Amino acid sequence: MPDPAKELFIELRGLHKGIGAQKILRGVDLTVFRGETLVIIGPSGEGKTVLMKHVIGLMRGDAGEVIVDGVHVEKLRERELKPVRQKVSMMFQNAALFDSMTVEENIAFPLVESGVRDREEIRKRVREALEVVDLAEHGEKLPVNLSGGMRKRAGIARAIVGRSQCILYDEPTASLDPLVSDVIDQMILRLQKRYGITSLVVTHDMKSMYKIANRVAMLKRGVIHFIGTPDELTNCPDQEVQDFIQGRSGVTA
Ligand SMILES: Nc1ncnc2c1ncn2[C@@H]1O[C@H](COP(=O)(O)OP(=O)(O)O)[C@@H](O)[C@H]1O
Ligand SMILES: [Mg+2]
(Lines give C-alpha, C1' and ligand atoms only; values in the text may rest on other atoms or scores of the structure.)
(Ligands and ions follow the chains in the order given, each with its own letter.)
Protein backbone atom coordinates (compact mmCIF):
# COMPACT_ATOMS: atom_id res chain seq x y z
CA MET A 1 0.00 0.00 0.00
CA PRO A 2 1.31 3.47 -0.82
CA ASP A 3 2.04 5.53 2.25
CA PRO A 4 -0.69 8.20 2.56
CA ALA A 5 1.85 10.62 4.02
CA LYS A 6 3.73 10.60 0.72
CA GLU A 7 3.35 13.59 -1.51
CA LEU A 8 1.88 13.06 -4.96
CA PHE A 9 4.03 14.35 -7.77
CA ILE A 10 2.44 12.91 -10.90
CA GLU A 11 -1.10 11.69 -11.14
CA LEU A 12 -2.86 10.22 -14.16
CA ARG A 13 -6.61 9.76 -13.83
CA GLY A 14 -8.63 7.83 -16.38
CA LEU A 15 -6.28 8.75 -19.22
CA HIS A 16 -7.49 7.70 -22.66
CA LYS A 17 -5.60 8.08 -25.92
CA GLY A 18 -6.37 6.78 -29.38
CA ILE A 19 -4.20 7.30 -32.44
CA GLY A 20 -6.17 6.81 -35.64
CA ALA A 21 -8.40 3.81 -35.11
CA GLN A 22 -6.08 2.35 -32.48
CA LYS A 23 -7.04 2.72 -28.82
CA ILE A 24 -3.74 2.91 -26.96
CA LEU A 25 -4.48 4.12 -23.45
CA ARG A 26 -7.86 2.97 -22.14
CA GLY A 27 -8.17 4.56 -18.75
CA VAL A 28 -4.75 4.74 -17.14
CA ASP A 29 -4.73 5.56 -13.43
CA LEU A 30 -1.27 6.03 -12.00
CA THR A 31 0.40 7.97 -9.20
CA VAL A 32 4.07 8.77 -8.77
CA PHE A 33 5.18 10.05 -5.37
CA ARG A 34 7.75 12.78 -4.93
CA GLY A 35 11.24 11.30 -4.68
CA GLU A 36 10.34 7.79 -5.75
CA THR A 37 11.49 5.80 -8.76
CA LEU A 38 8.54 4.21 -10.48
CA VAL A 39 9.35 1.77 -13.26
CA ILE A 40 6.89 1.00 -16.04
CA ILE A 41 7.18 -2.37 -17.74
CA GLY A 42 5.05 -3.99 -20.38
CA PRO A 43 5.14 -5.40 -23.90
CA SER A 44 6.41 -3.31 -26.82
CA GLY A 45 3.81 -1.20 -28.51
CA GLU A 46 1.54 -1.07 -25.44
CA GLY A 47 1.85 2.69 -25.11
CA LYS A 48 4.60 3.23 -22.53
CA THR A 49 6.26 6.00 -24.54
CA VAL A 50 2.86 7.47 -25.34
CA LEU A 51 2.01 7.50 -21.63
CA MET A 52 5.22 9.35 -20.78
CA LYS A 53 4.68 11.97 -23.46
CA HIS A 54 1.36 12.89 -21.82
CA VAL A 55 3.14 13.84 -18.60
CA ILE A 56 4.88 16.78 -20.26
CA GLY A 57 2.11 17.58 -22.72
CA LEU A 58 3.96 16.32 -25.79
CA MET A 59 0.80 14.30 -26.44
CA ARG A 60 -2.72 15.19 -25.45
CA GLY A 61 -5.22 12.66 -24.11
CA ASP A 62 -8.74 12.22 -25.46
CA ALA A 63 -10.09 12.05 -21.92
CA GLY A 64 -8.77 12.00 -18.38
CA GLU A 65 -6.48 14.11 -16.24
CA VAL A 66 -2.72 14.56 -16.07
CA ILE A 67 -1.63 16.34 -12.90
CA VAL A 68 2.01 17.29 -12.30
CA ASP A 69 2.87 18.85 -8.95
CA GLY A 70 -0.71 20.03 -8.57
CA VAL A 71 -1.02 21.47 -12.10
CA HIS A 72 -3.52 20.09 -14.59
CA VAL A 73 -1.29 19.62 -17.64
CA GLU A 74 -4.23 18.61 -19.85
CA LYS A 75 -5.70 22.08 -19.42
CA LEU A 76 -2.56 23.99 -20.40
CA ARG A 77 -1.96 25.53 -23.79
CA GLU A 78 1.32 24.83 -25.55
CA ARG A 79 2.99 28.03 -24.38
CA GLU A 80 1.89 27.40 -20.78
CA LEU A 81 3.75 24.07 -20.68
CA LYS A 82 7.21 25.59 -20.22
CA PRO A 83 7.21 25.48 -16.38
CA VAL A 84 6.08 21.84 -16.48
CA ARG A 85 8.90 20.97 -18.87
CA GLN A 86 11.39 22.75 -16.66
CA LYS A 87 10.24 20.72 -13.68
CA VAL A 88 10.05 17.43 -15.58
CA SER A 89 12.53 16.53 -18.31
CA MET A 90 12.31 13.56 -20.58
CA MET A 91 15.27 11.51 -21.71
CA PHE A 92 14.36 10.03 -25.05
CA GLN A 93 15.27 6.53 -26.16
CA ASN A 94 18.21 7.66 -28.35
CA ALA A 95 19.30 10.43 -25.91
CA ALA A 96 18.61 12.84 -28.84
CA LEU A 97 21.89 14.78 -28.71
CA PHE A 98 22.72 17.30 -31.43
CA ASP A 99 25.54 15.78 -33.51
CA SER A 100 27.12 19.09 -34.47
CA MET A 101 27.43 20.34 -30.88
CA THR A 102 29.97 19.27 -28.29
CA VAL A 103 28.78 17.49 -25.16
CA GLU A 104 29.06 20.77 -23.22
CA GLU A 105 27.09 22.69 -25.81
CA ASN A 106 24.43 20.00 -25.80
CA ILE A 107 24.11 20.18 -22.05
CA ALA A 108 24.05 23.99 -22.05
CA PHE A 109 21.28 23.99 -24.64
CA PRO A 110 18.26 23.75 -22.30
CA LEU A 111 19.72 26.50 -20.09
CA VAL A 112 20.16 28.85 -23.03
CA GLU A 113 16.67 27.93 -24.27
CA SER A 114 15.18 28.78 -20.89
CA GLY A 115 16.78 32.22 -21.03
CA VAL A 116 19.93 31.87 -18.89
CA ARG A 117 22.44 34.34 -20.38
CA ASP A 118 25.23 34.52 -17.78
CA ARG A 119 28.08 32.58 -19.42
CA GLU A 120 29.80 31.90 -16.11
CA GLU A 121 26.57 30.53 -14.62
CA ILE A 122 26.07 28.31 -17.68
CA ARG A 123 29.64 27.02 -17.49
CA LYS A 124 29.31 26.27 -13.78
CA ARG A 125 26.05 24.38 -14.15
CA VAL A 126 27.26 22.40 -17.16
CA ARG A 127 30.38 21.41 -15.16
CA GLU A 128 28.24 20.28 -12.22
CA ALA A 129 25.95 18.24 -14.46
CA LEU A 130 28.96 16.61 -16.17
CA GLU A 131 30.45 15.70 -12.81
CA VAL A 132 27.23 14.07 -11.62
CA VAL A 133 27.33 11.70 -14.60
CA ASP A 134 31.12 11.21 -14.42
CA LEU A 135 31.77 12.90 -17.77
CA ALA A 136 33.87 15.81 -16.53
CA GLU A 137 36.73 14.87 -18.86
CA HIS A 138 34.60 14.55 -21.98
CA GLY A 139 32.76 17.85 -22.30
CA GLU A 140 34.63 18.95 -25.41
CA LYS A 141 33.91 15.83 -27.42
CA LEU A 142 31.30 15.49 -30.13
CA PRO A 143 28.55 12.92 -29.49
CA VAL A 144 29.84 10.78 -32.38
CA ASN A 145 33.03 10.19 -30.38
CA LEU A 146 31.21 8.88 -27.30
CA SER A 147 30.23 5.30 -26.53
CA GLY A 148 26.54 4.41 -26.21
CA GLY A 149 26.66 4.56 -22.42
CA MET A 150 28.42 7.92 -22.44
CA ARG A 151 25.80 9.32 -24.79
CA LYS A 152 23.09 8.21 -22.37
CA ARG A 153 24.94 9.86 -19.50
CA ALA A 154 25.26 13.07 -21.53
CA GLY A 155 21.49 12.83 -22.04
CA ILE A 156 21.04 12.52 -18.28
CA ALA A 157 23.30 15.54 -17.71
CA ARG A 158 21.22 17.53 -20.13
CA ALA A 159 18.05 16.45 -18.33
CA ILE A 160 19.34 17.59 -14.91
CA VAL A 161 21.16 20.79 -15.87
CA GLY A 162 18.00 22.87 -15.56
CA ARG A 163 17.50 21.52 -12.01
CA SER A 164 14.52 19.39 -12.95
CA GLN A 165 12.72 17.75 -10.08
CA CYS A 166 11.69 14.77 -12.13
CA ILE A 167 13.15 12.81 -15.01
CA LEU A 168 11.30 10.55 -17.40
CA TYR A 169 13.62 7.92 -18.82
CA ASP A 170 12.49 6.01 -21.90
CA GLU A 171 14.39 2.70 -21.97
CA PRO A 172 17.64 4.15 -20.62
CA THR A 173 19.52 0.84 -20.72
CA ALA A 174 18.23 -0.47 -24.05
CA SER A 175 21.06 -1.80 -26.23
CA LEU A 176 23.71 -1.29 -23.54
CA ASP A 177 25.88 -4.11 -22.20
CA PRO A 178 25.24 -5.23 -18.58
CA LEU A 179 28.11 -3.22 -17.08
CA VAL A 180 27.20 -0.02 -18.86
CA SER A 181 23.56 -0.62 -17.91
CA ASP A 182 24.66 -0.82 -14.30
CA VAL A 183 26.39 2.55 -14.63
CA ILE A 184 23.15 4.10 -15.88
CA ASP A 185 21.20 2.45 -13.04
CA GLN A 186 23.70 3.85 -10.53
CA MET A 187 23.22 7.34 -12.07
CA ILE A 188 19.46 7.07 -11.57
CA LEU A 189 19.98 5.97 -7.96
CA ARG A 190 22.56 8.72 -7.40
CA LEU A 191 20.16 11.43 -8.58
CA GLN A 192 17.48 10.12 -6.26
CA LYS A 193 19.85 9.99 -3.31
CA ARG A 194 21.66 13.31 -3.87
CA TYR A 195 18.85 15.49 -5.12
CA GLY A 196 15.65 13.62 -4.26
CA ILE A 197 14.77 13.47 -7.94
CA THR A 198 11.55 11.69 -8.86
CA SER A 199 11.96 9.24 -11.71
CA LEU A 200 9.60 7.52 -14.06
CA VAL A 201 11.48 4.86 -16.00
CA VAL A 202 10.24 2.73 -18.87
CA THR A 203 12.30 -0.41 -19.27
CA HIS A 204 12.32 -3.99 -20.53
CA ASP A 205 15.35 -4.68 -18.44
CA MET A 206 14.18 -6.67 -15.42
CA LYS A 207 17.58 -6.61 -13.77
CA SER A 208 17.65 -2.85 -13.95
CA MET A 209 14.06 -2.67 -12.67
CA TYR A 210 14.93 -4.69 -9.56
CA LYS A 211 17.90 -2.39 -8.90
CA ILE A 212 16.21 0.97 -9.19
CA ALA A 213 12.46 0.60 -8.60
CA ASN A 214 10.66 1.64 -5.45
CA ARG A 215 7.49 0.56 -7.22
CA VAL A 216 6.77 -1.03 -10.56
CA ALA A 217 3.72 -0.77 -12.80
CA MET A 218 2.83 -2.98 -15.74
CA LEU A 219 0.95 -1.46 -18.66
CA LYS A 220 -1.15 -3.98 -20.54
CA ARG A 221 -4.11 -3.55 -22.89
CA GLY A 222 -4.10 0.15 -22.21
CA VAL A 223 -4.45 0.03 -18.43
CA ILE A 224 -2.22 -0.46 -15.40
CA HIS A 225 -2.48 -4.22 -15.07
CA PHE A 226 -0.28 -4.43 -11.96
CA ILE A 227 1.29 -1.94 -9.57
CA GLY A 228 3.31 -2.71 -6.47
CA THR A 229 6.78 -3.14 -5.06
CA PRO A 230 9.36 -5.26 -6.91
CA ASP A 231 8.81 -7.98 -4.27
CA GLU A 232 5.09 -7.90 -4.87
CA LEU A 233 5.77 -8.21 -8.60
CA THR A 234 8.00 -11.24 -8.04
CA ASN A 235 5.27 -12.91 -5.97
CA CYS A 236 2.35 -11.81 -8.12
CA PRO A 237 0.29 -14.91 -9.03
CA ASP A 238 -0.99 -13.38 -12.28
CA GLN A 239 0.08 -15.55 -15.23
CA GLU A 240 0.61 -12.66 -17.65
CA VAL A 241 2.81 -10.86 -15.15
CA GLN A 242 4.92 -13.97 -14.56
CA ASP A 243 5.21 -14.69 -18.30
CA PHE A 244 6.44 -11.15 -18.88
CA ILE A 245 8.98 -10.98 -16.09
CA GLN A 246 10.33 -14.43 -16.88
CA GLY A 247 10.38 -13.80 -20.61
CA ARG A 248 7.99 -16.60 -21.65
CA SER A 249 6.43 -15.77 -25.00
CA GLY A 250 4.27 -18.88 -25.38
CA VAL A 251 5.83 -19.48 -28.81
CA THR A 252 7.39 -22.94 -29.23
CA ALA A 253 10.15 -23.99 -31.60
N1 LIG B 1 2.85 9.40 -33.49
C2 LIG B 1 2.27 8.22 -33.67
N3 LIG B 1 1.52 7.98 -34.78
C4 LIG B 1 0.92 6.79 -34.94
N5 LIG B 1 1.00 5.77 -34.10
C6 LIG B 1 1.72 5.95 -32.99
C7 LIG B 1 2.41 7.17 -32.72
N8 LIG B 1 3.05 7.05 -31.54
C9 LIG B 1 2.78 5.80 -31.11
N10 LIG B 1 1.98 5.14 -31.97
C11 LIG B 1 1.48 3.78 -31.79
O12 LIG B 1 1.02 3.66 -30.47
C13 LIG B 1 1.32 2.39 -29.95
C14 LIG B 1 2.11 2.57 -28.64
O15 LIG B 1 3.39 3.09 -28.95
P16 LIG B 1 4.51 3.30 -27.87
O17 LIG B 1 3.99 4.16 -26.77
O18 LIG B 1 5.70 3.80 -28.60
O19 LIG B 1 4.76 1.83 -27.32
P20 LIG B 1 5.84 1.32 -26.27
O21 LIG B 1 6.65 2.49 -25.86
O22 LIG B 1 5.06 0.69 -25.17
O23 LIG B 1 6.65 0.28 -27.01
C24 LIG B 1 2.08 1.65 -31.03
O25 LIG B 1 1.20 0.80 -31.70
C26 LIG B 1 2.58 2.75 -31.93
O27 LIG B 1 2.73 2.29 -33.23
MG1 LIG C 1 8.60 2.98 -26.23
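Predicted model: local features only at pLDDT ≥ 70, side-chain atom pairs only at ≥ 80, totals over all residues.

Trainee: Which elements give two or more residues to the shell around ligand 1?
Mentor: A residue is near a molecule if one of its heavy atoms lies within 4 Å of it. Helices (H or I, at least four residues) and strands (E, at least two) are DSSP runs, numbered from the N terminus. α1 gives the largest share, 3 residues. The elements asked for are β2 (22-33) and α1 (48-55).

Trainee: What distance separates a polar side-chain atom of Gln22 from an oxygen atom of ligand 1?
Mentor: Gln22 is among the residues that surround ligand 1. Its polar side-chain atom lies from the ligand oxygen at 2.9 Å.

Trainee: Is Cys166 buried or exposed?
Mentor: Buried means under 20% relative accessible area, exposed over 50%, and partly exposed in between (1.4 Å probe, protein chains only). Cys166 has a relative accessible area of 0%, so Cys166 is buried.

Trainee: What conventions apply here?
Mentor: Residues are numbered from 1 along each chain as its sequence is written, while chains are lettered from A and ligands numbered from 1 in the order written. Local features need pLDDT of at least 70, side-chain atom pairs count only at pLDDT 80 or more, totals for chains, interfaces and linings use all residues, and side-chain values use heavy atoms, without hydrogens and water.

Terms used: Polar contact = N/O pair within 3.5 Å; in protein donor to acceptor, adjacent residues only side chain to side chain.
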